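Let's take a friendly walk through this structure together.

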Amino acid sequence: MTRAKLKLSAFEATYVPVINRYLAQAVPVDSDQALLADAMTYSVNAGGKRLRPLLTLAVLKTLRVPLTEAHIRAASALELLHTYSLIHDDLPAMDNDNLRRGVPTNHVKFGAGMATLAGDGLLTLAFQWLTDSQLPVAQRLQLAQQLAIAAGPSGMVAGQAQDISSEHQQLELAQLEQLHRQKTGALLHYAVQAGTIMGEVTGETTRLLLAFADQFGLAFQIYDDLLDVTATTAELGKQTHKDAAEAKNTYPGLFGVAGTRQRLREVVASAEQNLTELQRVTGLDTSLLASFCSYFRV
Ligand code: GRG
């Protein structure tokens, strides 16, 4: 195992249980609808890498901010919102997937109506958690505003809309990357931005951290596309395996597998360069954030 992978594994071993414990005890808050509560907790507690809250906490660590429960609450709020997006993405009217995180999707277990509501509940609960925490009011406002921008009709929802409407249409690289920036990249951008808001940094530090986030988000999507063509169905834990090599709007569809690997290497290198620059300019230790690039086995 490389040093970066070890560093990331140690960070995950410490903070994934913290995030999971927080999510398990706090969702749902006080819903008197038992089935709705079950549907929400089912998907939240089904696992997942917790990548987005981990990124937020890693930014805070990098900025040498001592972590409090309010930080954990804010970071976990993003996981609620991410879980909502997965539940809705899996619905029959969208991707119609039967398996997610290795278990039946929310609508398979609870029906499409309740799954839609579970997603709605998680989306709104995320904003409740951001706005009712012990963080300074100015930070809460900024977090809620930026998450609304990232997840809403100029961000993730727009990306999903573009994805649906371009299903039978060949996109050019610039359009594909715009789709990914919105659909997947916006929440990863916000994950890092949340750390900068709670760490109260501005200027060059924020600029370089967000530049890292954007390249990381792009790499994440390229890697996901690559896994779709190179991993087996069992490895992916998906019941319906879409042959992405034949799908038009993927990186392998545009560049082939070798070209996609090359593009991934370039984007990961660019993500890392921003951190090297940040370390040079500020003296901060960016190795924890750099270790997140070991997600991508190039
Ligand atoms: C329904 C508004 C709306 C948006 C859905 C996130 C999303 C937008 C769709 C998911 C489709 C998808 C599989 C995209 C590829 C990248 C991605 C977001 C993968 C899932 O995220 P991970 O790998 O999942 O972090 P875990 O389960 O580990 O949390």
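Start with Ser85, which is found in helix α4; helices here are DSSP runs of H or I with at least four residues, strands are runs of E with at least two, and both are numbered from the N terminus. Before going further, note that this is a predicted model, in which local features need pLDDT of at least 70, side-chain atom pairs count only at pLDDT 80 or more, and totals for chains, interfaces and linings use all residues. Residues are numbered from 1 along each chain as its sequence is written, and side-chain values use heavy atoms, with hydrogens and water left out.

Is Ser85 buried or exposed? Ser85 counts as buried because its relative accessibility is 16%, and buried means under 20% relative accessible area, with exposed over 50% and partly exposed in between (1.4 Å probe, protein chains only). A polar atom of the Ser85 side chain lies 2.7 Å from the backbone oxygen of His82. That is a polar contact: a pair of N or O atoms within 3.5 Å where, within protein, one must be able to donate a hydrogen and the other to accept it, and residues adjacent in sequence count only if both atoms are side-chain atoms.

His82 also leads us to the ligand. Together with Lys49, Arg52, Asp89 and Arg101, His82 is among those that come nearest of the 18 residues around the ligand, where near means that a heavy atom lies within 4 Å. In the side chain of Lys49, an N or O atom is 2.5 Å from an oxygen atom of the ligand. For the side chain of Arg52 the corresponding distance is 2.8 Å, and for that of Arg101 it is 2.8 Å. The protein covers 90% of the 700 Å² of accessible area that the ligand has on its own, by the Shrake-Rupley method with a 1.4 Å probe, where for residues only the protein chains shown count as cover. Two or more residues of the shell come from each of α4, α8, α9 and α10, and the largest share, 6 residues, is from α4.

Now turn to the nonpolar side chains. In soluble globular proteins, such side chains tend to be buried together. The largest nonpolar core here has 83 residues, and Phe216 is one of those touching the most other members; a core is a set of buried Ala, Val, Leu, Ile, Met, Phe, Trp, Tyr and Cys residues joined through side-chain atoms within 4.5 Å. Helix α10 (residues 203–230) gives the most to this core, 12 residues.
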